[in-house]
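Visitor: I'm new here. Could you show me around and tell me how the labels are decided?

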Amino acid sequence: MGRKSVKGKEKKLKRKEEQLKLAASQAVVDAANAIEDPMSLALPFKKYDRKGLSVTIECLKMPNCDRDTTDWAMNLLSSNMKTLYEDSNWGWKEREKREELTDDRALMLVAREDGGNPVGFVHFRFDMDFDDEIIYCYEIQLMEDVRRKGLGKFLIQILEILAYQTRMKKVMMTVFKHNKEANSFFVDQLKYVVDGTSPSVFDPMNPEDYDYEILSKPIKAKKTAAEKTE
């Protein structure tokens with residue numbers, strides 16, 4: 001039997017290394033999704049009390065979310081975003097948005113006033129993006145009367161803390177190019193940048209084919225217990 005080539009062995013070894021890396025990344029995501037209450041990792045951020053606004057933040061796993069909160073979130077999403085979707089190539093598809101919001105993998109940060117009324121939410125997931133373990137922010141929506149009081153920035157900071165605590169590599173989101181307010185918020189205020197997976201990067205010769213960008217912010221790696229003792 002002939003001897004296998006060195007090049008063939010190298011390809012096999014590289015493929016095995018890639019499979020092990022992917023499995024390790026997926027294990028990190030699975031561990032994050034197994035956390036019963038992600039807000040336990042960001043306890044100092046459970047309360048926001050600034051600029052005349054006082055709210056408490058909770059994190060809900062969507063399979064456990066009550067119908068009233070789900071309906072409120074869907075109504076707010078429709079009120080804030082329907083026109084922007086209708087002005088895009090995607091169009092507004094309410095059933096698909098509800099399915100996305102209520103997916104078993106979905107989580108939601110909900111900001112409630114002292115009386116219990118919700119005033120804002122963030123829909124997100126611990127997930128994989130190609131080979132990277134990430135938090136993907138699907139939505140951040142606030143009611144009109146609580147905007148420009150720092151709550152949106154506070155909620156995104158919670159996502160970044162959760163990403164750090166669970167060893168995610170970055171926080172990502174999709175933003176319509178024509179949503180000037182969202183672009184200003186994420187890019188100018190929070191310093192997110194166009195991700196390498198965004199259409200303007202992988203298909204720069206056809207910008208007219210895409211009306212969105214994918215933004216991201218890398219998250220500093222959390223040291224393991226072993227690294228802390230070195």
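Guide: What follows is a short chat about loops, cysteines and the sheet.

Guide: This is a predicted model, where local features need pLDDT of at least 70, side-chain atom pairs count only at pLDDT 80 or more, and totals for chains, interfaces and linings use all residues. Residues are numbered from 1 along each chain as its sequence is written, and side-chain values use heavy atoms, with hydrogens and water left out.

Visitor: Why is K51 called exposed?

Guide: Exposed means over 50% relative accessible area, buried under 20%, and partly exposed in between, with a 1.4 Å probe and protein chains only. K51 has 61% relative accessibility, so it counts as exposed. K51 is in the loop between strand 1 (47-50) and strand 2 (53-61), and its phi is positive, about 50°, although K51 is not a glycine. Strands here are DSSP runs of E with at least two residues, helices are runs of H or I with at least four, and both are numbered from the N terminus.

Visitor: And why is R167 called partly exposed?

Guide: Its value is 37%, so R167 counts as partly exposed. R167 is found in the loop between helix 4 (151-165) and strand 6 (170-176). R167 also has a positive phi, near 65°, without being a glycine.

Visitor: What makes C65 buried?

Guide: C65 has a relative accessible area of 12%, so it is called buried. C137 counts as buried because its relative accessibility is 3%.

Visitor: Which strands are the edge strands of the sheet?

Guide: Eight strands form an open sheet with mixed pairing, in the order 1-2-3-4-5-6-8-7. Strand 1 and strand 7 (193-194) are the edges, as each pairs on one side only.

Visitor: How do you know that strand 6 pairs with strand 8?

Guide: Two strands pair if DSSP finds at least two bridges between them. Seven bridges join strand 6 to strand 8 (residues 212-218), and the two run antiparallel.
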